[in-house]
Every structure is written in C-alpha cells, then in structure tokens.
Amino acid sequence: MKRQVQFPFPVFIATEGKWFVAECPILNIGTQGKTESEVKRNMKDLIEEYLKDSDTPKNQLKKFSSASLSYISVPIAKELLYGKT
C-alpha cells in the first residue's frame, strides 16, 4: 500500500440561485449541492474519484502545494451588483 499524506486542494464555493457550486481549479473539476456542507462533501468525493481514475492524466501536485486566493478590484456598473434601481 502506498503511503498517503493530506493535501489541501483549493476549492472555490459560490451560490447560483438556490444551489452551492464548487470548483477545484487545479484539477479543473466542479460540482454542486443544495447546502454548503453538501457541496463540500460532493467535492471531496469528486476529488477522491478523480485521483483514483487511472485513465485521467494527473498534474504534478507538487507544483500546486502553495496556492492563494486574491481579489482584484475593477470598476463595474452598480446595476451589476445591486440590480436595477
């Protein structure tokens, strides 16, 4: 049996209507759920399935061991944020 270590995959979670959607950008996979905890469980299961699938090429995870989230501010119309007033 291969030795295993925990690896913190970066996952972005947002809401779309009544759904929570999650994306793991370094694996280019996504899923959804009715609650935030459901989408997290779904993503964990999806990542595990992705890693077990021998037909799916795997990126070198070592180069992704450090990730960060940044917000980049750009001007947008108020209507895009708040809707029509």
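Buried denotes a relative accessible area under 20%, exposed over 50%, and partly exposed the range in between (1.4 Å probe, protein chains only). The model is predicted: local features need pLDDT of at least 70, side-chain atom pairs count only at pLDDT 80 or more, and totals for chains, interfaces and linings use all residues. Residues are numbered from 1 along each chain as its sequence is written, and side-chain values use heavy atoms, with hydrogens and water left out.

**View A. Salt bridge between Glu36 and Lys40.** A salt bridge places a side-chain nitrogen of Lys or Arg within 4 Å of a carboxyl oxygen of Asp or Glu. Here the closest N and O atoms lie 3.7 Å apart. The two residues are four positions apart in helix α1 (residues 36–52), about one helical turn; helices are DSSP runs (H or I, at least four residues) and strands likewise (E, at least two), numbered from the N terminus. Glu36 is partly exposed at 38% relative accessibility, and Lys40 is partly exposed at 48%.

**View B. Salt bridge between Lys44 and Glu48.** The closest N and O atoms are 2.7 Å apart. About one helical turn of α1 separates Lys44 from Glu48, which are four residues apart. Glu48 has a relative accessible area of 34% and is partly exposed. The search of the whole structure finds two salt bridges.

**View C. Open three-stranded sheet, in the order β1-β2-β3.** Pairing is antiparallel, where two strands pair if DSSP finds at least two bridges between them. The edge strands, β1 (12–16) and β3 (29–33), each pair on one side only. Five bridges join β2 (residues 19–24) to β3, and Ala22 stands opposite Thr31 in β3.
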